[in-house]
Amino acid sequence: MDFYTAINCIDGRVQLPVINYLQKRFNVDYVDMITEPGPNRILASQSNFNIVESIFERLHVSVGKHHSLGVAVVGHHDCAGNPGTKEEQSAHTLGAVKYIKQRYSDINVIGLWVDENWNVSEIS
Ligand SMILES: [Zn+2]
């Protein structure tokens, strides 16, 4: 069984698109889901220590117990937790990716954007 991990928004509209995308993209069976409202901004700003550490505790379980193949940080259109534009959110997502790579140097980390049609694309 292969796992990938998503650090995704709580928004119900983006769960299945992200799962489906990661299953196809990385040929994994399951996607472990860590959710917060607007997690890209939370990880980019690192202003709330408790939430950031909570995310990393959950990531540690996914990586340690499920040997997750990688991590995807997600931003999306019409996000209640992060109302920024696509450009602002993309900067947050890339900042989050960079921060995770600092703490998990040996795992693949990518950024995703879910658009107004709930289509998923990678940002870099
Ligand atoms: Zn959201």
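Student: Let's start with contacts: among those in the protein between residues at least 6 apart in sequence, what share joins residues at least 24 apart?

Tutor: That share is 71%. Two residues are in contact if their C-beta atoms, placed from the backbone, lie within 7 Å. Keep in mind that this is a predicted model, in which local features need pLDDT of at least 70 and side-chain atom pairs count only at pLDDT 80 or more, while totals for chains, interfaces and linings use all residues. Residues are numbered from 1 along each chain as its sequence is written.

Student: Thanks. How many helices and strands does the protein have?

Tutor: There are 4 helices and 5 strands, and from the N terminus on they run β-α-β-α-α-β-α-β-β. Helices (H or I, at least four residues) and strands (E, at least two) are DSSP runs, numbered from the N terminus.

Student: What percentage of the residues count as buried?

Tutor: Of the 124 residues, 37% do. A residue is buried if 20 or more other C-beta atoms lie within 10 Å of its own, exposed if 12 or fewer, and partly exposed in between, with C-beta atoms placed from the backbone.

Student: OK, the core then. Which residues have the most contacts inside the largest nonpolar core?

Tutor: Val18, Leu22, Ala72, Val73 and Val74 do, in a core of 29 residues. At least two residues of this core come from each of strand 1, helix 1 (15-26), helix 2, helix 3, strand 3, helix 4 (86-103) and strand 4 (108-114). A nonpolar core here is a set of buried Ala, Val, Leu, Ile, Met, Phe, Trp, Tyr and Cys residues joined through C-beta atoms within 7 Å.

Student: What does Leu22 touch, leaving out residues up to four places away in sequence?

Tutor: Leu22 touches Tyr4, Ala6, Val28, Val31 and Ala72.

Student: Switching to helix 4: which of its residues are buried?

Tutor: Gln89, His92, Thr93, Ala96, Val97 and Ile100 are. They cover an arc of only 140° around the axis, which puts them on the same side of helix 4. The arc is that of the directions from the helix axis to the C-beta atoms. Their cover includes helix 2, strand 3, strand 4 and strand 5 (120-123). The face turned away from the buried side carries the exposed residues Glu87 and Gln102.

Student: Is Asn40 buried or exposed?

Tutor: Asn40 is buried, with 32 other C-beta atoms within 10 Å. Asn40 sits in helix 2 (residues 39-45). Not counting residues up to four places away in sequence, Asn40 touches Val73, Val74, Gly75, Asn82, Gln89, His92, Thr93 and Ala96.

Student: Now helix 3. Which residues are buried there?

Tutor: Ile55, Leu59, Ser62 and Val63 are the buried ones. They cover an arc of only 90° around the axis, which puts them on the same side of helix 3. Among the elements covering them are strand 1 (3-8), strand 2 (30-35), helix 2 and strand 3 (70-76).

Student: What about the face turned away?

Tutor: That face of helix 3 carries exposed residues, including Phe49, Glu53, His60 and Lys65.

Student: What follows helix 3?

Tutor: His67, whose phi is positive at about 50° although it is not a glycine, follows helix 3. His67 lies in the loop between helix 3 and strand 3 and is exposed, with 11 other C-beta atoms within 10 Å.

Student: And what is the phi of Asp78?

Tutor: Asp78 has a positive phi of about 60° and is not a glycine. Asp78 is found in the loop between strand 3 and helix 4, and is exposed, with 11 other C-beta atoms within 10 Å.
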